[in-house]
Amino acid sequence: MRDKEKAIEIFNKKPKYTNCYVTYNSFLNLIEKELFYVTDENIFILKSENNIFKFLYFTNNYDEIAKAESFLKNINTDVALEYLTKENITIPNFEKYGFGLYKIFSRYSVLKENRISPKRKSDEVQLADIEDIYDVQRIAQSIFDPLCDFIPTIKELEIFVQNKELFIIKKDEIIGFALYLKQPYGYDFRLNCVVPEYQSKLVGYKFVANLPNNGKKYICWADDNNSSAIRLNESIGFKTDGLKNYIFVKKIKNGDKINER
Amino acid sequence: MKDKIKEVLENIRPEFDFADSDNFLEDGLLDSFDLITLVSSLDQTFVISIEGTEMTPKNFQNIDTIEKLVQKYVKD
């Protein structure tokens with residue numbers, strides 16, 4: 001209890017540096033559910049996701065991240081650290097703490113009036129049924145990288161199907177899927193995945209062409225090294241909006257398993 | 001004060017017209033990353049220190065709610 005109170009006290013003072021962009025209530029949920037460590041005026045959180053951990057920090061001085069070493073030393077999976085920025089500034093030296101730069105993602109957005117609508121929608125794109133979610137997850141797990149991609153759980157996929165947000169293309173079996181998450185402002189084009197045998201066959205384009213028309217604004221993210229995804233996004237009017245996500249990874253050597261709460 | 005707040009918002013997202021919206025988060029004018037930047041900018045502009053517990057969506061819905069929040073600290 002005392003650690004939680006201390007964490008709330010530190011959050012309240014708004015430490016200068018953080019990679020955890022949450023409202024107060026979301027912060028309370030985080031420290032309720034996830035592993036966290038409070039030391040001096042720092043909060044370090046390990047958020048469990050995709051069978052790895054994401055390292056979140058609140059600190060007034062980046063040198064203080066060295067104090068997270070004892071917190072991290074017994075973790076036996078890789079740990080990802082995400083650093084969001086809109087500015088061309090010097091990225092903090094996370095390498096000092098064992099985190100190496102892994103990937104850089106850029107956010108793209110387009111307003112409805114600027115979207116380039118494709119001449120024809122594809123009739124191959126269909127809403128996923130509940131029976132499809134196991135194949136979708138299997139494909140996601142085989143293609144996506146847990147250190148930087150969103151890999152939905154079965155429970156999440158059930159909800160996406162109920163909300164009519166998950167779309168598939170089938171040829172005997174599922175060859176691709178896409179996730180358009182409804183947001184108050186429009187849509188978050190969260191995932192677009194095609195099995196290797198069907199890549200470069202315009203399957204990804206068919207999903208993009210079938211984006212719902214009724215959103216005010218559309219958002220997606222793409223790996224700066226994924227030129228196909230970038231070309232696809234730009235083909236329907238998406239442009240970078242300046243926000244970048246630098247993903248650092250700490251490869252953990254084998255150690256004792258941490259005791260989960 | 002409203003003009004200053006509008007200026008802060010426009011510095012963060014110059015592509016949007018904040019006068020047109022009653023709910024910045026719902027309308028997609030601001031996201032959670034922008035919210036953190038906004039709080040920091042408001043602190044600097046008005047020489048205040050907004051508490052973390054005040055970082056709730058309802059306090060940042062529109063210029064009126066932001067003004068009400070800032071006034072609380074300026075008065076104090």
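The model is predicted, so local features require pLDDT of at least 70 and side-chain atom pairs pLDDT 80 or more, while totals for chains, interfaces and linings use all residues. Residues are numbered from 1 along each chain as written, chains are lettered from A, and side-chain values use heavy atoms, without hydrogens and water.

A:G237 lies in the loop between α7 (227–235) and β12 (239–250); helices (H or I, at least four residues) and strands (E, at least two) are DSSP runs numbered from the N terminus. A:G237 is buried, with a relative accessible area of 10%, where buried means under 20%, exposed over 50% and partly exposed in between (1.4 Å probe, protein chains only). Leaving aside residues up to four places away in sequence, A:G237 touches A:S109, A:V110, A:N114 and A:I116, contact meaning heavy atoms within 4.5 Å.

Over all chains, the structure holds 22 aromatic pairs. Rings of Phe, Tyr and Trp (its six-membered ring) pair if their centres lie within 6.5 Å; planes under 30 degrees apart are stacked, over 60 edge-to-face, and the rest tilted. A:F44 and A:F55 are stacked, at 5.7 Å centre to centre and 20° between the planes. This pair joins strand β3 (residues 42–49) to strand β4 (residues 52–59), and both residues are buried. The pair of A:Y62 and A:F94 is edge-to-face because the planes stand at 90°, with centres 5.7 Å apart. A:Y62 and A:F94 are 32 residues apart, and both are buried.
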